[in-house]
Amino acid sequence: MGPGRTTVIERASWRTAGRLASSFALLIAAMLLAAGCGSSAQSADAAEDAPPQKGGNLVVGLDQQPQCLNVVIVCGGMAVTSNITGPLFDSLLTVDAEGQDAPLIATEVPSTDNGRVVLTPEGGMVVTLDMQPKARWSDGKPITCEDVVFAWKLRMDERWLVRSREGYNLLSKIDCVTPLRPVFHFKERYAPFLGIVGIAPMPKHVLDGKDFNTFLSDEVPISSGPFVFSHWDRSVEIVLKRNEDYWNAGNDDEPWLDSITFKFIPDSNTLKIQLRTGEVDVIAPPPDSSLKEELEAMPRGSFSSEPGAYWEQLAFNTGKAPLNNRDVRLAIAFSIDRQQLADVVLRKQVGVLQSTLLEGQKDYYLPAWKDIKPDPKKATALLEKAGYTKDGAYYAKGGKPLTVVFKSTAGNNLRLKVAQLLQQKLKGSGIKMEIAMEPAEVFFGQSTIQGNFDIALWAWSSTTDPSQRTLFSCDKIPTDANEYEGNNYYRYCNDEVTKLLTKADVTPDVGERAAAIKQVQQLMRADMPMIPLFQRPDTVAFSNRAKGMDVNPFGGMTWNTYDWSVVAK
Amino acid sequence: MSAAAQPSRGHLPKSVRAAQSVAGGTQAAPVRQPYRREIEAPAIAAPARTQRQQVWDSFCSHRAAFISLIILGSMIFICAVGPFVLQDPEAIDYDVLAAQAPSGAHLFGTDQLGRDVLARLVNAGRTSLAIGFVVAFGAAAIGAWVGVMAGYFGGRVDSALMWLVNVLMTIPSLPLLMSVAVLVASPSSAIGPLVKSVPEWFRIAAVLALLGWMGISRVVRSQVVSLRNQEFVEAARALGGTDSRIMLVHILPNCVSVIAVFTTLAVSGAIIGESALSFLGLGVSPPTATWGNMLAEARDLFAIMNYWWTVWFPALAIFITVLSVNFIGDGVRDALDPKSMK
Amino acid sequence: MIGFTFKRVLSAIPVLIVVSIIMFMLMKMGPNPLELLKQDPKFSAEDVKRISKLNGWDKPLVEQYVFWGKNFITGDLGISTVDQRAVWDKISERLPLTLMVTGLSMVVSLMIALPIGAYVAIHKYSKSDYVATLSTFAMMASPSFFVALLLQLAAVKLQDMNGGTLWFYTGGAPACVGAGSDSGILKTVGSCAMTPIEAFRRLALPVTALSILQIAGWSRYMRSELVGVLNQDYIRSAMAKGLSGKVVFFRHAVRNALLPLVTIVALDVAGLFGGAVITESVFGLPGMGGLLLESVKSTDIAVVLAIVMIGATLVLVMTTVADMLYGILDPRVRVN
């Protein structure tokens, strides 16, 4: 069976060099702090063409501080933890600048086409990887298949407070055919397997026999990535130093930087001020309407921004009146102006999202919602078809005006702005919308799970894997009976969709899987349980002494620290 | 010096704490301890208009206070009437959809959504002022009631009530304020569902009032203790006055001056307090606007450099209101303090 | 004196117990931390049960309270439920910076507020009095986060005027406080004293922001106290005796006016411990205020209770100290 529960944060985890991610990506508590990433640099440095210079330190300003440094266990769940520890752990697979799967320690990305993924007649599958012989830990010991097996066993060990075993629990064993060739045996066919086999090896010779719950909490004594841990002054800074013996150093002997300092400033407004004053060199500011203008106006700096992995969507509760009526949902879809929302709320920093998948998920992307454009006449016709009649300013049925309750998280300006624009638009269509902004713990902890809303606005976060079964499949509607498992808060149930999503999750072949997922998109466009709005822009802003920052929606802010450098003065 | 001066001195600092605790422990306008002379001048059954007249004249002679009263009065008037005259504060100007400098169409400009800043300010003022007054009167009422009860009945009632006040004042005010604010703000808390139907601004006002009455209760109590055995109270008792009547008719009016000063200052404390809570994300949540959350939302270096009107106008609204209220408080104190009468 | 202290300690015990019960109940009634965990889709029902058990949340309330109380008395502040670290570690790594910032601002404010208060008290109803009154009221009327923003703006403008040289940092703790939980307060202060320029450039803005409010309050207070004292008969008789104005003013008036300030300052010293949540957050200072805010928001009971209990104890101790000092300084008051 496919993935049970979603694991978004997980993926945001050891990644940088590895989308360890398990299946998909939904960070529910999609806070504003989505890390940055990107690839359309707007910088116009004079020094742009000069080759990077070796040496120097860059200061990265972060508005959050990790609780511990171990991304595998519970306390390491924050995005900031993976951003900081990312440069310390290279994994077997990674994402490249385009957000596509790419090999890192492994020699190539496994697929059915290259014969590295073999389906067994018993219903399981076997994935074979080869590891680069030059890969080694910062202490000089080679990174071997043993370390891969050890990393898996750590996750499966009952003693450790592991955040998620999603997908890893489908492995029956990992064979070390040779010290550099791990063979992963899956009990079932599991389409999002790349997230599992792309695991970051863990140093068996250091960690064996240690208490994994605490050993990596305060310091990381070893590294397989371009940097090594130096020190952590709690609440002040974490410093990483160059891994002088980095196995993947290129011809120019990267990484360029001597060190990276992560500084913790809890106020994101102050972070921007500090970038301007030069107190920090790199920040990943949360998306905001005026962010672009603000960064453009900033002296001594530039930025890179691109649609990120978090995408905002308008959820309709199909489980109760009035939105259990498809015509009403469609009427709302035709009432709103998504282009305007994106233009106004994010000042044209991103375009409208037309799918539940992102363009970066190339093989699976289909812009199914493209034809949904504001059309008041259609909206009116649909409402009348649904049995509503105009009664004063609002449509009504049985004497009751058509009223919908909109919910979202409080304290998020972007969402509030969307809500207010939406309210005005729906009013124009004769639909009364009440806004209730709730604290995140209530919104995500109760309202969405219990289906206590009509329209809701939140963001999912995507990984390179397109699995969305937990979002839209009938058996993933959280109820008392299934102990509130699943994230189908839409209460959306279409047997055809469920069948296709289930099939997609057990079809490792990309072509076949893509066909099923594209079909789902079209079915959902017709049923309209939700309407995608836009991807939140991921932005990295940096001072004019910093160079090499590049936004990568699936990689996190620090995915290419290897390329970072200080501009020669 | 006379021994009689001692108790009054000993209480001085506490009256200061009174003001502090209302202001969330950050803003303290010192309240002077009422002087004994004033206490000893028994004001039985409001001695005619002349005294009131005197107080009013004295207040008006405090020029800053008088001007402040006019300013505050106009603020209240504008906020009361404004929403009927001005455009819908939440209306989004689709032609603009951006921050627009002050102009004829938008006197105070528009915010980044194209909403009229003036209309929002006026609307927010209703909430902010309402919070200010509810907190002030609420805290004064609780504090006065507790103080009068403790002072009048003395004995066990007194020690029990004052012990409670002592305990509450021992708890550091910030953690107390924040945890109670989280408590009423979060529907997942134990009392969350109970207060769900109460408007948010009122919940926040109630929190500030419930945590801000202790200081005044001490001051009132010490006044009442010295009044309780005065001849006019004895006389009222001899004439068969009930306890509640004596407290209400004879004792409370003699505490009016301290209560009035406290109440005024509590208004400004509450407005500042609400803005602080808004900054911490525990205040009234948008889209309901308050001056505090408008300012907290607009607080941004870029905004203050480029869209100064979105930041400065809410800041000025708070500033002018609090300033006026403080001056009025100053004036009220001078007017009611016989010592400063010339 | 010993008897007095003993009595005070005895009477403090029930107060502290009730304080702890009130805060315990408040926190328990607050948002359920398990609800926060449930937001994370990866937490299964078993995970939630396991974590609840691990933290002892499945036991009856009374039992939880007694458990906490027993540990607290023996000096064990417990474990944070957010990151499983010892509460004392979390507090002790934040305390040095907070004490430095709040302590410095207190010293600065007293040094500015007292002379101003004294000056305007002598020149009552003069122009300078009005100016001082207006500016103190203005300080009180500005929300502290706005003041902080203006200070940051000023630092940025100053930098632009200086052609890019930054004088005052707009945020962040001085490097000297970053040594983590193993460095004590004295050690931190010592190492900051070794790098006074860096410390000054870092702390100038937050200390100014904090001082502004205190200066306003204290100078008003000083003024009204001194005005009251100067009106007293004994000042007049001292003057009549032919003592010089200076002697009368400093030896009699100021001294007596400062007496009540002792109590206020003592209580404010107790308040230093809690930090300044808004200033700390704007200027990115990892102090007690930030810890408190995080802990309250995530219902980290052990941390909040520890901060409250230490704070409450300090209040009680400082009140006692103030009363004793008062007895020593003011011959009319005898502690008994």
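Okay, housekeeping before we start. Because we're looking at a predicted model, local features need pLDDT of at least 70 and side-chain atom pairs count only at pLDDT 80 or more, while totals for chains, interfaces and linings use all residues. Residues are numbered from 1 along each chain as its sequence is written, chains are lettered from A and ligands numbered from 1 in the order in which they are written, and side-chain values use heavy atoms, with hydrogens and water left out.

Let's begin with disulfides. How many are there over all chains? The count comes to two, where a disulfide is a pair of cysteine sulfur atoms within 2.5 Å.

One of them joins A:Cys145 to A:Cys176, with 2.0 Å from S to S. Look along the S-S bond and you get -90 degrees, so that link of A:Cys145 and A:Cys176 is left-handed. The pair ties together distant parts of the chain: A:Cys145 sits in helix H3 (residues 145-156) of chain A and A:Cys176 in strand E6 (residues 171-178) of chain A, 31 residues apart. By the way, helices (H or I, at least four residues) and strands (E, at least two) are DSSP runs, numbered from the N terminus.

Are these two cysteines buried or exposed? Here's the scale: buried means under 20% relative accessible area, exposed means over 50%, and partly exposed is in between, with a 1.4 Å probe and protein chains only. A:Cys145 is at 0%, so it counts as buried, while A:Cys176, at 29%, counts as partly exposed.

Now the other disulfide, A:Cys474 to A:Cys493, again listed at 2.0 Å from S to S. With 105 degrees about the S-S bond, the link of A:Cys474 and A:Cys493 is right-handed. Both A:Cys474 and A:Cys493 are in the loop between helix H13 (469-472) and helix H14 (495-505) of chain A, 19 residues apart. A:Cys474 has 18% relative accessibility and therefore counts as buried; A:Cys493 has 47%, so it counts as partly exposed.

Next, the backbone. Most residues other than glycine have a negative phi, and most peptide bonds are trans. So which residues are joined by a cis peptide bond? A:Ala321 and A:Pro322 are, with omega at about 0 degrees. You'll find A:Pro322 in the loop between strand E12 (301-316) and helix H8 (326-335) of chain A.

Then there's positive phi. A:Arg491 has a phi of about 60 degrees although it is not a glycine. That residue, A:Arg491, is in the loop between H13 and H14 of chain A, and at 17% relative accessibility it counts as buried. A:Met528 also has a positive phi, about 55 degrees, and is not a glycine either. A:Met528 lies in the loop between helix H15 (510-527) and strand E19 (530-543) of chain A, and with a relative accessible area of 0% it's buried.

A quick stop at chain B. Chain B has 16 helices and zero strands. Of its 342 residues, 58% count as buried.

Last stop: helices in chain C. Two packed helices are described by the angle between their axes and the distance between the axes. Axes are lines fitted to C-alpha atoms, for helices over the stretch in contact, and angles run from 0 to 180 degrees between N-to-C directions. Angles under 35 degrees count as roughly parallel, over 145 as roughly antiparallel, 65 to 115 as roughly perpendicular and the rest as oblique.

Take H9 (residues 196-230) and H11 (residues 245-272) of chain C: they pack at about 140 degrees, with their axes 9 Å apart. H9(C) and H11(C) are therefore oblique to each other. Contact here means heavy atoms within 4.5 Å, and the residues that meet include C:Trp218 and C:Tyr221 in H9(C) and C:Phe249 and C:Ile264 in H11(C).

Now put H11(C) against H14 (residues 301-329) of chain C, and the angle is about 165 degrees, with the axes 7 Å apart. H11(C) and H14(C) are therefore roughly antiparallel. Residues making that contact include C:Leu259 and C:Val262 of H11(C), along with C:Met318 and C:Tyr326 of H14(C).
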